[in-house]
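Please open the model in your viewer and keep the selection panel at hand. The stops below are arranged so that each selection leads to the next.

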2 protein chains.
Amino acid sequence: MPAPTPDPAFMREAIRLSIEKMRAGHGGPFGAVIVQDGIIIARGFNQVTSTHDPTCHAEIDAIRKACAALGTFQLAGCDLYTSCEPCPMCLGAIYWARPARVFFGNTKADAADAGFDDHFIYQEIEKPLGERQIPMQPLLRDEALAGFRAWARHEGRTEY
Amino acid sequence: MPAPTPDPAFMREAIRLSIEKMRAGHGGPFGAVIVQDGIIIARGFNQVTSTHDPTCHAEIDAIRKACAALGTFQLAGCDLYTSCEPCPMCLGAIYWARPARVFFGNTKADAADAGFDDHFIYQEIEKPLGERQIPMQPLLRDEALAGFRAWARHEGRTEY
């Protein structure tokens, strides 16, 4: 069975959230919904400034709510509709959550034009550690590896 | 004043968390601490499988807790010590939170060897949209731009 055509009504709901929640003072103008079998199971919106949580982007909020609703840490078979192309943080979260498809409204260039740092972060991720604007250095790797060795031996582990 | 030398004791605390919390069943073997003025202000650890939250990596957990403790959405002047080199999601979160420095124990190659998908996600982020394993498509950009236009006109906005 081919994947269903994306439904513009779901994107319009993400866009509606991006405007309504921003006007209500929650944060930046970003909204997202997650859809399973034609039904919205989670609505997310940016709450960075109101909750003092720099990770509370619309997609992260929607992914956390959808996973809580389903009682799972992955979103197999779900579609994510977001009012803006995901930033690197949200893109990473999408790969961990693994929805089937992602649809986005504004592009990352639009976000940059509106004053959001997505493009800068995309550039930084591709740089070697030593050239990034936030210094990132290795430390005590030999000791840290004990964590992965303990994981390999841990009988109760749930892989993800 | 030069930045202080990184303190191995903080990395050892991140490593301790990575093992202790994993053994207690919270999730994968990852720990992190955030330090301000020589004091740990937040301890984070992976809780993906126990809380059904694919975004609850050690760094995200630590960043959220540190911001809550400080009542701010940025971590100026703070250092992040993490038991493993950040995945793309956490790297994005780090750029949004903007700590001064990041120190990591295990490398992303070590994480891949231990069965974690970080390397795959780094590869995907660099691909054009159409070549990614999770399909990502634009939809209704003209309508979505209304969110950014509304933001530009919104007098009460807090930029971040």
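Two residues are counted as in contact if their C-beta atoms, placed from the backbone, lie within 7 Å. The model is predicted: local features need pLDDT of at least 70 and side-chain atom pairs count only at pLDDT 80 or more, whereas totals for chains, interfaces and linings use all residues. Residues are numbered from 1 along each chain as its sequence is written, and chains are lettered from A and ligands numbered from 1 in the order in which they are written.

**Stop 1: both chains**

Colour chains A and B separately. By the contact criterion, 77 residues of chain B touch 76 residues of chain A. Helix α7 (residues 141-153) of chain B contributes the most to the side of chain B that touches chain A, with 10 residues. That side comprises 45 nonpolar, 20 polar and 12 charged residues; here Ala, Val, Leu, Ile, Met, Phe, Trp, Tyr, Cys and Pro count as nonpolar, Asp, Glu, Lys and Arg as charged, and the others, Gly among them, as polar. Of the interface residues of chain B, 99% are also interface residues in chain A, so the copies meet through the same surface.

Chain B is superposed on chain A by a rotation of 180° with 0.0 Å of shift along its axis (RMSD 0.0 Å). The two copies are thus related as by a two-fold rotation axis. The superposition is by least squares on the C-alpha atoms of residues with pLDDT of at least 70 in both copies. To locate the axis, select B:M89, whose C-alpha comes closest to it among the residues of chain B, at 2.0 Å.

**Stop 2: chain A alone**

From the N terminus, the order of elements is α-β-β-α-α-β-α-β-α-α-β-α. The C-alpha trace of chain A spans about 50 × 40 × 30 Å along its principal axes.

**Stop 3**

Five strands form an open sheet in the order β2(A)-β1(A)-β3(A)-β4(A)-β5(B), with mixed pairing; two strands pair if DSSP finds at least two bridges between them. At the edges stand β2 (39-45) of chain A and β5 (136-138) of chain B, each with a single partner strand, so one side of each is left without a neighbour in the sheet. The twist averages 20° from one strand to the next; angles run from 0 to 180 degrees between N-to-C directions, and axes are lines fitted to C-alpha atoms, for helices over the stretch in contact.

Next, zoom in on β1 (residues 31-36) of chain A. Four bridges join β1(A) to β3 (residues 79-84) of chain A in the antiparallel sense, and A:A32 has A:T82 as its bridge partner. With β2(A), β1(A) pairs in the antiparallel sense over six bridges, where A:I34 stands opposite A:A42. β1(A) and β2(A) form a hairpin with two residues between them, and A:D37 in the turn has a positive phi of about 50°.

**Stop 4: the strand that crosses over**

Which strand of chain B pairs with β5 (residues 136-138) of chain A? The partner is β4 (residues 101-106) of chain B, in the parallel sense over three bridges. Within this pairing, A:Q137 is bridged to B:F103.

**Stop 5: helices around α4 of chain B**

Select α3 (residues 58-70) and α4 (residues 88-97) of chain B, which pack at an angle of about 20° with their axes 9 Å apart. That makes α3(B) roughly parallel to α4(B), a class for angles under 35 degrees, with over 145 being roughly antiparallel, 65 to 115 roughly perpendicular and the rest oblique. B:E59, B:I60, B:I63 and B:C67 in α3(B) meet B:C90, B:A93, B:I94 and B:A97 in α4(B). This contact has seven nonpolar, no polar and one charged residues.

A:I121, A:E124 and A:I125 of α6(A) make the contact with B:P88, B:L91, B:G92 and B:Y95 of α4(B).
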